[in-house]
Amino acid sequence: NFKCIYCYQNENASSLDMENAEKILKFIEISTKKKFKKVYINWFGGEPLLMSDLLIQMSERIVDIAKKNKFSYIGRITTNGYLLTQELFKKLLKAHIIVYMITVDGSEDYHNKQRPLKQGRETYNTIIKNLVEIRQIKKNFIIDLRVNVSTDSYNHMEQFLVQYEKLFDNDKRINLVMEAVHDWHGERIQKHKDQVINNVEKIKELYKLASNYNICLQNYLKYDFEVQICIASKKNGYFIAGDA
């Protein structure tokens with residue numbers, strides 16, 4: 001439902017259907033009987049909340065399987081946050097989805113430039129409204145609030161940090177994650193090459209700046225390492241496409 005300027009995703013990608021959902025659930029049920037005592041799933045997209053009913057249904061089934069096969073289950077979701085109302089968030093928490101990656105690309109002007117709806121409409125105020133209402137929930141969860149920093153937004157990040165501190169007031173459940181806009185290929189980024197930041201030292205400087213504010217920070221130390229490994233490439237990790 002978004003048309004982010006740097007996105008590499010294929011807009012014609014297929015969606016998960018019930019037939020393949022059942023195959024995934026069967027795989028989880030069989031695998032956890034044999035060796036797995038913990039299951040960690042990152043619901044990804046595109047935008048997974050476009051299919052929130054199926055996502056919750058599957059997650060509830062996994063909770064039931066976990067009780068039967070005696071394993072722990074935690075769900076994580078990577079979402080743009082546009083559809084993540086307080087009501088939906090409560091349903092997701094109940095289904096053991098407690099970790100979230102939500103993207104807000106700096107202050108309002110820069111976010112709306114980088115992350116508009118497909119129809120071109122603005123998205124910032126809706127996402128911030130959802131986050132402010134979610135903060136009112138008196139339960140434990142983790143939100144990594146990701147900011148993709150572009151060359152245009154870089155010099156205005158302190159303005160965003162001031163706004164961020166007012167909005168989230170050192171809420172330990174919400175962590176700020178800052179990343180450079182990269183060229184992950186795809187067609188869109190070709191028109192916005194000038195927004196790519198290749199110097200990671202610039203992002204390190206932003207973390208130092210953010211430490212002056214009352215903000216919970218995440219992901220800083222990764223910039224001291226040259227290699228990062230996707231969890232799906234680990235021994236017991238799996239990547240399952242929407243069309244399975």
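For one specific pair I looked up Trp 43, whose bridge partner in E2 is Ile 77. I note here that this is a predicted model.

**Entry: the whole sheet**

I then traced the strand order. The sheet is open, has 5 strands and reads E1-E2-E3-E4-E5, with parallel pairing. Its edge strands are E1 (38–43) and E5 (174–180), each of which pairs on one side only. From one strand to the next, the twist averages 20°.

Next I followed E2 to its other partner. I found 5 bridges joining E2 to E3, and these two strands also run parallel. Arg 76 has Val 99 as its bridge partner in E3.

How many residues of E3 are buried? I get 6 of the 7, so E3 is largely enclosed by the rest of the structure.

**Entry: the two faces of E1**

I went back to E1 to sort its side chains by face. Val 39, Ile 41 and Trp 43 make up the covered face. Lys 38, Tyr 40 and Asn 42 make up the uncovered one. The background rule is that side chains in a regular strand alternate between the two faces of the sheet.

**Entry: H1 against H2**

Helices came next. I took helix H1 (residues 18–34) and helix H2 (residues 52–69), whose axes come within 10 Å and cross at roughly 20°. Angles under 35 degrees count as roughly parallel. That makes H1 roughly parallel to H2. I logged the crossing of H1 and H2 as right-handed.

Which residues make this contact? From H1 I listed Met 18, Ala 21, Glu 22, Ile 24, Leu 25, Ile 28, Glu 29, Thr 32 and Lys 33. From H2 I listed Leu 54, Gln 57, Met 58, Arg 61, Ile 62, Ile 65, Lys 68 and Asn 69. By class, the contact of H1 with H2 comes to 9 nonpolar, 3 polar and 5 charged residues.

**Entry: H2 against H3**

I stayed on H2 and looked at its packing with helix H3 (residues 86–94). The angle is about 25°, and the axes are 9 Å apart. H2 and H3 are therefore roughly parallel to each other. On the H2 side, I see Ser 52, Leu 55 and Ile 56. They meet Leu 88, Lys 91 and Leu 92 of H3.

H8 lies across strand E4 (142–149) and E5. Its direction is at about 155° to E5.

**Entry: Ser 107**

Ser 107 sits in the loop between strand E3 (97–103) and helix H4 (108–114). Is Ser 107 buried or exposed? Ser 107 is buried, with a relative accessible area of 5%; the cut-off for buried is under 20%.

I then listed what Ser 107 touches, leaving aside neighbours within four places in sequence. The contacts are Tyr 124, Gln 159, Phe 160 and Gln 163. I also checked Ser 107 against Met 157, which is 50 residues away along the chain. Their C-alpha atoms are separated by 7.6 Å.

**Entry: backbone exceptions**

Where is the cis peptide bond? I found one joining Gly 45 and Gly 46, with omega at about 5°. Gly 46 belongs to the loop between E1 and H2.

I noted a positive phi at His 96, about 70°, although His 96 is not a glycine. His 96 is in the loop between H3 and E3. With a relative accessible area of 35%, His 96 is partly exposed.

Asp 169 has a positive phi too, about 45°, and is not a glycine. I placed Asp 169 in the loop between helix H7 (157–168) and E5. Asp 169 is partly exposed, at a relative accessible area of 49%.

Note on methods:
Residues numbered from 1 in each chain as written. Predicted model: local features only at pLDDT ≥ 70, side-chain atom pairs only at ≥ 80, totals over all residues. Heavy atoms only, no water. Pairing = 2+ DSSP bridges. Helix = DSSP H or I, 4+ residues; strand = E, 2+ residues; numbered from the N terminus. Axes fitted to C-alpha atoms, helices over the stretch in contact; angles between N-to-C directions. Contact = heavy atoms within 4.5 Å. Parallel < 35°, antiparallel > 145°, perpendicular 65-115°, else oblique. Left-handed = near helix turned anticlockwise from the far one by under 90°. Nonpolar A, V, L, I, M, F, W, Y, C, P; charged D, E, K, R; others polar. Buried < 20%, exposed > 50% of the residue type's maximum accessible area, 1.4 Å probe, protein only.
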